[in-house]
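Reader: I'd like to go through the labels on this one and hear what each of them rests on. Could you show me the structure before we start?

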Amino acid sequence: MKIANAYLMKEININHVRQVMKRVETATKPQLASLTKLSVVTVNSLVKELSDLGELFEDETVPSNGGRPALTYRYNYDFSLALVMYINEKQGKDLITATVINLEDKTVFKEQYEMPTFDQRRFYEIIGKVLAQYASIKVIGIGIPGQTVNGEITVSSHRQLEGVRMIEDLEAQFGLPVIVENDVNAAISGYCAGQELDKDQCVIGIYFPTKYPPGMGIYLGGRVIKGKLGMAGEVKYLPMGLDWYNSLDKETFIEAVCKMIQTVNAILAPDQVVIYQRMVEEDEVVRAWQMYQAELLMPSYPNVILIDSFQEDFEAGMRWLTLKSLEPALVQFS
């Protein structure tokens with residue numbers, strides 16, 4: 001038990017040193033001891049271990065207070081890379097974006113691929129080619145328009161994705177951990193990460209693609225609410241009598257947006273509803289909602305925000321979620 005506790009303490013300490021170095025980028029051993037509140041002896045041992053791994057490297061010597069010059073260590077943000085893939089829509093075609101980022105969330109590689117419709121084989125080939133170029137990739141994060149249940153994509157606006165066991169396939173093929181996240185959940189996570197929100201605020205994101213059904217993400221208490229089997233937000237199943245796979249005229253679309261805002265407001269009373277759409281002009285939706293809510297009695301009304309940059313929030317959320325998965329887990333002993 002003592003050996004186990006000592007090992008656990010070492011893991012805690014090395015992760016503490018790792019997090020501090022990621023934050024400050026450069027530090028001498030005495031500075032690191034001061035920042036971590038660890039002894040100089042402990043810091044010496046942990047810095048050596050991280051340097052041997054390649055996670056830290058020697059940088060330059062700096063003058064000290066009358067003593068020997070101190071060696072500075074620099075954190076290697078390229079020690080681990082992440083491949084982040086997004087399946088999105090652009091002008092009626094599927095757009096695949098492959099991005100490689102480092103631990104500082106800086107882009108190392110980015111390329112886009114157009115597909116008339118999603119092609120699973122080509123998608124896997126793209127991943128393989130990127131992994132072959134960057135040996136330091138340690139995780140694959142994929143944002144999809146759908147939900148995964150027990151490893152299988154069971155619900156998706158892209159019918160070609162339904163039934164695909166993407167996590168299982170890719171982990172077996174490439175031997176790396178894979179995370180798959182719903183696109184709207186990722187987007188609302190990215191949006192909220194860039195806002196100064198109170199912890200108890202509720203923010204709803206609703207995405208209306210051009211040729212696919214809408215999806216919704218629910219952000220509450222600092223996290224996304226996914227519901228049973230991750231199916232919260234599947235608003236295409238609301239009984240609105242619309243065929244989302246065919247084009248809607250402007251009036252029908254605007255009315256559908258207003259009804260959807262009304263529905264989620266009545267159930268969740270969110271502080272904000274973020275609408276992602278490029279179907280109509282923003283001011284047309286704003287005017288319609290103002291008229292719509294003037295005719296309705298509800299105990300509260302959300303702040304409705306219209307954004308046409310779904311891709312930006314989607315990307316920010318997927319980058320954040322994928323990098324978060326690289327954070328070392330605390331060692332547990334039974």
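Author: What follows is a run of labels, each set against its rule.

Author: This is a predicted model, where local features need pLDDT of at least 70, side-chain atom pairs count only at pLDDT 80 or more, and totals for chains, interfaces and linings use all residues. Residues are numbered from 1 along each chain as its sequence is written, and side-chain values use heavy atoms, with hydrogens and water left out.

Reader: What makes D59 and R74 a salt bridge?

Author: The rule asks for a side-chain nitrogen of Lys or Arg within 4 Å of a carboxyl oxygen of Asp or Glu. For D59 and R74 the N to O distance is 2.8 Å, so the pair passes that rule. By this rule the count comes to 17 salt bridges.

Reader: Why is the D59 and R74 pair said to tie parts together?

Author: D59 lies in strand 2 (residues 56–62) and R74 in strand 3 (residues 70–75), so the pair links parts that are 15 residues apart in sequence. Helices (H or I, at least four residues) and strands (E, at least two) are DSSP runs, numbered from the N terminus.

Reader: Why is D59 called partly exposed?

Author: Buried means under 20% relative accessible area, exposed over 50%, and partly exposed in between (1.4 Å probe, protein chains only). D59 has 31%, so it falls in between. R74, at 24%, is partly exposed too.

Reader: What about R319 and E315: buried or exposed?

Author: R319 has 8% relative accessibility, so R319 counts as buried. E315 has 13%, which also puts E315 under the 20% limit, so E315 is buried. Salt bridges that share partners join D105, K110, E315 and R319 into one network. The R319 and E315 side chains meet at 3.1 Å, N to O, and both residues lie in helix 9, 4 residues apart.

Reader: Why is strand 4 described as largely enclosed?

Author: Strand 4 (residues 81–90) has 9 of its 10 residues buried, so the rest of the structure largely encloses it.

Reader: How do you know that strand 4 pairs with strand 5?

Author: Pairing takes at least two bridges found by DSSP between two strands. Strand 4 and strand 5 (residues 93–102) have 10 bridges and run antiparallel, so they pair. V84 stands opposite T99 in strand 5. Strand 4 also has 6 bridges to strand 7 (residues 137–144), running parallel, with I140 of strand 7 as the bridge partner of L83.

Reader: What makes the phi of A269 worth a mention?

Author: Most residues other than glycine have a negative phi. A269 is not a glycine, yet its phi is positive, near 45 degrees. A269 is in the loop between helix 7 and strand 14 (272–277), and its 43% relative accessible area makes it partly exposed. L229 also has a positive phi, about 55 degrees, without being a glycine. L229 is found in the loop between strand 13 (223–225) and helix 7 (250–268).
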